[in-house]
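Have the sequence and the model open side by side, and let us walk through them together.

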Amino acid sequence: PLVSTGELVGQARAAGHGVAAFNVITLEHAEAIALGAERAGTPAILQISENAVKFHGSRLSAIAAATAAVAHASPARLALHLDHVTDVELLRAAHPEGFSSVMFDASKLAYGENVKATADAVRWGHERGMWIEAELGEVGGKEGEPPLDAHAPGVRTDPAEAAAYVADTGVDALAVAVGSTHAMTERTACLDHELIASLCAAVPVPLVLHGSSGVPDAEIRRAIASGMVKINVGTALNTAFTGEVRAYLTGDPKGVDPRKYLTLAREAMAETTARFQRLLV
Ligand code: G3H
Ligand code: ZN
């Protein structure tokens, strides 16, 4: 069934668990995540990023409705989240499309402007019963961005600034820069666990780890033990998807039926999501 993000994050936090949020690009991603959640016996968050909406011609409705329909039909508890939103128009479109939560991403703005834009987004969302996540510090590595040194001190989230930011914006969850980077295809990221613990102690809301595809299993487990709650995974699904498609097409260069390789790709993504979910409980 379709449940709310706030409910899943709240329950995970109370239990000392993590909850995985997986990026949906195609219908097969949504189906795979639902299947993975069913196999792992855990809930999950289906998130659609602003970049994925752009991929679908900047029309939110079709991919949102398809993803929501998958959630409704699944025995697993699944929530619908709109991810990395920079466009206020898209934020406003989220509510009628059935999203219970949005990550509003003003992380590229200077601190004062980030606070102002995010506080406005939170006010708008809370009036509609929505759960709003925001980012402070820069995780980096998003599509079209130059590579960023995730370990440079300037990009890390400062605990005192994080506490002020949460108080000034009223956000429900905070994405923090603690050593992970988006779009890594190797799992070699090293997290700053002392910083995670300090951030947890400093802010009253749950923390979100972005770029978790590049974080090794043991580091993810430790991050949850230090208090990280929402674990965002995107690239690992695409690595699984594309690996299957590439192998199939190499073995059958004359094949044309997409169901042949999409069946394999969906199954590989389902196993990948189940594996991540088993790490979090
Ligand atoms: O918001 C989405 C996540 O941060 C995904 O990052 O593709 O590096 O796993 P990833
Ligand atoms: Zn992210």
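What follows is a tour from the core, through some helices and loops, to the ligand. Please bear in mind that this is a predicted model.

Let us begin with the core. The largest nonpolar core has 84 residues, and those that touch the most other members are Ala 20, Leu 46, Val 102 and Leu 174. Helix α2, residues 27-40, gives this core its largest share, seven residues. In soluble globular proteins, nonpolar side chains tend to be buried together. Setting aside neighbours within four places in sequence, Val 102 is in contact with Leu 82, Val 85, Leu 91, Ala 94, Gly 125, Met 130 and Ile 132.

One of those contacts, Gly 125, takes us to helix α6, where Gly 125 is buried together with Asn 114, Thr 118, Ala 121 and Val 122. Why do these buried residues line one face of α6? Seen down the helix axis, they fall within an arc of 105°, so they share one face. The general rule behind such a pattern is that an α-helix has 3.6 residues a turn, so residues three or four places apart point the same way. On the other side of α6 you will find the exposed residues Gly 112, Glu 113, Arg 123 and Glu 127. The buried residues of this helix pack against α5 (88-94), β5 (101-104), β6 (131-136) and α7 (159-169).

Just after α6, Gly 129 takes a positive phi of about 75°.

Now step back to the loop between β5 and α6, where Asp 105 is found. Is Asp 105 buried or exposed? Asp 105 has 25 other C-beta atoms within 10 Å, so it counts as buried; the cut-off for buried is 20 or more. Leaving out residues up to four places away in sequence, Asp 105 touches His 84, Val 85, Thr 86 and Glu 135. Val 85 is also among the contacts of Val 102.

From α6 we can move on to its packing partner α7. Here Ala 162, Tyr 165, Val 166 and Thr 169 are buried. These residues cover an arc of only 95° around the axis, which puts them on the same side of α7. The face turned away from that buried side carries the exposed residues Ala 160 and Ala 167. The buried residues of α7 pack against α6, β6, β7 and α8. Just after this helix, Gly 170 takes a positive phi of about 75°.

In the loop between β7 (173-176) and α8, Ala 183 has a positive phi of about 70° although it is not a glycine. With 16 other C-beta atoms within 10 Å, Ala 183 is partly exposed. Ser 58, also not a glycine, has a positive phi of about 60°. Look for Ser 58 in the loop between α3 (50-55) and α4 (61-73); with 11 C-beta neighbours inside 10 Å, it counts as exposed.

Helix α9 (residues 217-225) is our next stop, with Glu 219, Ile 220, Ala 223 and Ile 224 buried. They cover an arc of only 140° around the axis, which puts them on the same side of α9. On the other side, Asp 217 and Ala 218 are exposed. For Ala 218 the count is 9 C-beta neighbours inside 10 Å. The buried residues of α9 pack against α8 (193-202), β8 (207-209), β9 and α11 (258-279). Just after α9, Gly 227 takes a positive phi of about 120°.

Strand β9 leads us to the ligand. Which elements each supply at least two residues of the shell around ligand 1? They are β4 (78-85), β9 (228-233) and α10 (235-251). Of the 16 residues around ligand 1, those that come nearest are His 210, Ser 213, Asn 232, Gly 234 and Thr 235. By type, the shell divides into eleven polar residues, four nonpolar and one charged.

Definitions and conventions: Residues numbered from 1 in each chain as written. Chains lettered and ligands numbered in written order. Predicted model: local features only at pLDDT ≥ 70, side-chain atom pairs only at ≥ 80, totals over all residues. Near = placed C-beta within 6 Å. Helix = DSSP H or I, 4+ residues; strand = E, 2+ residues; numbered from the N terminus. Nonpolar A, V, L, I, M, F, W, Y, C, P; charged D, E, K, R; others polar. Buried ≥ 20, exposed ≤ 12 C-beta atoms within 10 Å, placed from the backbone. Arc of directions from axis to C-beta. Contact = placed C-beta atoms within 7 Å. Core = buried A, V, L, I, M, F, W, Y, C linked by C-beta atoms within 7 Å.
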